[in-house]
Amino acid sequence: MVEFALVLPLFLLLVMGIIDFGFLFYNYISMENAARNAARVACVEYKKIGYDVERDVPLTPRVLKLPDGDATLLESYTGDEYEDYRTNEIELCRHVARSLEHTGIDDEGRTVTVTYTYDDSPHSESEGWEVKDRHQGDVIVKVEGKAHVLTPVLGVSADHMLKPLTSSSVYKVERQYESN
């Protein structure tokens, strides 16, 4: 009995640590898949993401922060800084939200950042910048969020039992050919 009483707390600590790390790993893999799927969409539909059609320039800022991963929140904004966001960006955000729907990742702290490397190149500063040339660069999609921790084993070092997770995916932007 004494040996069991001495070993039981260590055994439970080990089992709870395994469960917590497994749950965090599951959440990280889900976040990685969401970033990869969003990057795939962004590399194919690049003409409509982060692009101001009226002025024919990349949006300012060139790195798009789509707050909360929830398109209804994005659509409720009325400020001038969000009027240039297009339907594809909202759909990209919804796609990430759907991918992370049944995970332990907190909805409130989630952000999706889309960056096109061509937009930050010297070409974009010159008169010759065109969105059709984005195929000369990559698209980087970064998904950030906080995952719930199941047990106090990892919760000791977490902020309110939430661990920050970040995943990103890089894709080569595909060249789009116009059909006749």
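Q: Is Glu130 buried, partly exposed or exposed?
A: Glu130 has a relative accessibility of 34%. Buried means under 20% relative accessible area and exposed means over 50%, with partly exposed in between, using a 1.4 Å probe and protein chains only. So Glu130 counts as partly exposed.

Q: What kind of model is this, and where does residue numbering start?
A: It's a predicted model, where local features need pLDDT of at least 70, side-chain atom pairs count only at pLDDT 80 or more, and totals for chains, interfaces and linings use all residues. Side-chain values use heavy atoms, leaving out hydrogens and water, and residues in each chain are numbered along the written sequence from 1.

Q: Which residue does Glu130 meet in a salt bridge?
A: A salt bridge here is a side-chain nitrogen of Lys or Arg within 4 Å of a carboxyl oxygen of Asp or Glu. For Glu130, the N to O distance is 3.6 Å. The partner is partly exposed too, at 43% relative accessibility; its name is Lys132.

Q: How many salt bridges does the structure hold?
A: The pair Lys132 and Glu130 is one example. Another joins Arg40 and Glu174. The total is five.

Q: How many residues apart are Arg40 and Glu174?
A: These two form a salt bridge, with their closest N and O atoms 2.3 Å apart. Arg40 sits in helix H1 (residues 2-44), while Glu174 is in the segment after strand S6 (162-172); helices (H or I, at least four residues) and strands (E, at least two) are DSSP runs, numbered from the N terminus. The pair links distant parts of the chain, and the separation in residues is 134.

Q: How do H1 and H3 run relative to each other?
A: The axes, lines fitted to C-alpha atoms over the stretch in contact, come within 9 Å and cross at roughly 155 degrees, on a scale from 0 to 180 degrees between N-to-C directions. Under 35 degrees is roughly parallel, over 145 roughly antiparallel, 65 to 115 roughly perpendicular, and the rest oblique. Therefore H1 and H3 are roughly antiparallel.

Q: Which residues of H3 make the contact with H1?
A: Contact means heavy atoms within 4.5 Å. H1 brings Ala34, Asn37, Ala38, Val41 and Ala42. From H3 come Leu92, His95, Val96 and Ser99.
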